Amino acid sequence: MSDPPKKTFVITRFDPDVDEVPKTQSYEIAVDPDWKVLDAVNYIKDEVDGTLSHRWSCRMAVCGSCGMMVNGEPRLTCKDSVSQYGDTVEITPLSNFPVIRDLVVDMDGFMDKFKKVKPWIIRAKELAAEDGPVRQSPEELEEFKQFSMCINCMLCYSACPVVSNEPEFLGPAAIALGHRYNVDSRDEGASERNAIFRGEGTVFSCSFANECSEVCPKNVDPAAAVNQAKFNAVIDWATGLVLPSGEKE
Amino acid sequence: MARPAHPQAMQPVKPGRTRTAPPTMPPQFPMTGRYRAYTLFDATGFLYLFVGFVALRVVWALGTGSAAWASIQQQLANPLYIGFHVITLAAVCFVAVRFFGLFPKAQPPRIGPAKPPPGPVIVGMLYAAWIGITVLMSAALMGGIS
Amino acid sequence: MKQFLLKVEPVIWLLFGQGIMIGTMLLTGWVLVMGVLAPLGVVDSLSYEHAHGLASSLIGRVVLAALIALPLWKGAHHIRSLSIDFGGADRDTELATFLYGIAAVGSLLAIVAVVRL
């Protein structure tokens, strides 16, 4: 049996107690062709350099923890096989995020934006349990289901050039989630959210690069959500002009 | 190393307890991979702005009189103008193709009771409109319509 | 100014969107014939009388005004976008005001141009 193939992983390292700026460190290891990229990173941490820090959890692309830039593209490292990469693999922390250490980025900015869009069902009057369930048809579900599949992996934020440069911009996942609720037939909070969508962090900052949808591992298509949200925000604005009290329906 | 992102990009409202390294832009931005088409798409803005003002000059000349009209026709024959218009024509076609591809998914699932037609139908309608309007405009400008 | 820009954003977005859609559709034939084929002599350029007759019809005026004005909004919005992508967000309010100002002035001139035909 021939020697297992070797690959060199060039990984960004940053220890805030020691390093002024991030630097790279190369690890040449034998790889099992069945490995995902995450398996290689875990091997490096377990067997070669225990100081390497990275996030991971489910290993099956549902938790959204293991996002990193692999050869310049934001990827879920548990999804990509090492075999799809060449002899040298560059792994850096997700773009557009402040870096806490090594491959671990600060997620709190993302959580802040999330909270702004009020990602919950808003009812004008809360129903009592005695009123029974709210009914929703399969057609109504289809209108927003895709946008509910987000696993908050933040790859879309890494890919978006507007997130890079406009700190206030709500960003793909947050807007997609807000839109998911706006379109949900059970929700009555669209006016509230559309006001948020048109405020600081406006959805209109999106320049339709479509990169968010290109990198999304769950086919949520946040670009569709954001651009649909623009359209809905305009309709909301226009009806607001005609009905000054802002009443919807 | 990738170019730096805005220093405040994705910064939390409440700073963390340790010093963080500043955010960097996606390394493929602006002219590698898919970003190239996107950057070019935005850059066509310069051509659109310019061609709008050139069209303004042409229509203004038409309103001024026959001498002004003859003069603007002559100016448009300058190789620089022709070169600009050739590049702009390519840019306009590029914008159309990219935009028509993205347009269907930007339609909300429903406006009131109305649902938009399926994606491929929308794209077909857009291309049909584009070709139809181009043929009409070209025919008019070539003297075929009076 | 920043708050004003946020308030009028839906209008700007609509003009920009139509700048791409209608502007692109109108521009293609115009650039092809007026900008390339006629100057090159591949086709005859329109006589003044014919051009003026065509342009001064109601539909001619509307089409020409749209052909001039709508691309300006697409252009302004995309140049603003490009500036932000290259790190210009901190100057965005000033640049946006300048760019949309140009588009607005151009649009007004477009209306004047077709009215005075």
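The model is predicted: local features need pLDDT of at least 70, side-chain atom pairs count only at pLDDT 80 or more, and totals for chains, interfaces and linings use all residues. Residues are numbered from 1 along each chain as its sequence is written, chains are lettered from A in the order in which they are written, and side-chain values use heavy atoms, with hydrogens and water left out.

Start with chain A. It splits into domain 1 (6-105) and domain 2 (108-247), with bounds from an automatic or database domain assignment. The C-alpha centres of these two domains of chain A lie 31 Å apart. Their contact (heavy atoms within 4.5 Å) draws 16 residues from domain 1 and 15 residues from domain 2.

The two domains of chain A bury about 1,100 Å² between them, 61% of it on carbon and sulfur atoms. Buried area here is the accessible area (1.4 Å probe) that two parts lose on being put together, summed over both. On the domain 1 side, A:Pro74, A:Asn96 and A:Phe97 lose the most area, together 45% of what that side buries.

Polar pairing comes next. The rule finds 7 residue pairs in polar contact between the domains of chain A, both residues at pLDDT 80 or more. A polar contact is a pair of N or O atoms within 3.5 Å; within protein, one must be able to donate a hydrogen and the other to accept it, and residues adjacent in sequence count only if both atoms are side-chain atoms. The domain 1 side that touches domain 2 has 9 nonpolar, 4 polar and 3 charged residues. In this scheme Ala, Val, Leu, Ile, Met, Phe, Trp, Tyr, Cys and Pro are nonpolar, Asp, Glu, Lys and Arg are charged, and the others, Gly among them, are polar.

Now chain C. It has 4 helices and 0 strands; these are DSSP runs (helices H or I, at least four residues; strands E, at least two), numbered from the N terminus. The C-alpha atoms of chain C fill a box of roughly 50 × 30 × 20 Å along the principal axes.

Chain C meets chain B. The contact takes 56 residues from chain B and 54 residues from chain C. Together they bury about 5,000 Å², 79% of it on carbon and sulfur atoms. Across this interface of chain B and chain C, 12 residue pairs are in polar contact, both residues at pLDDT 80 or more. On the chain B side, H1(B) gives the most, with 21 residues. By class, that side of chain B has 38 nonpolar, 16 polar and 2 charged residues.
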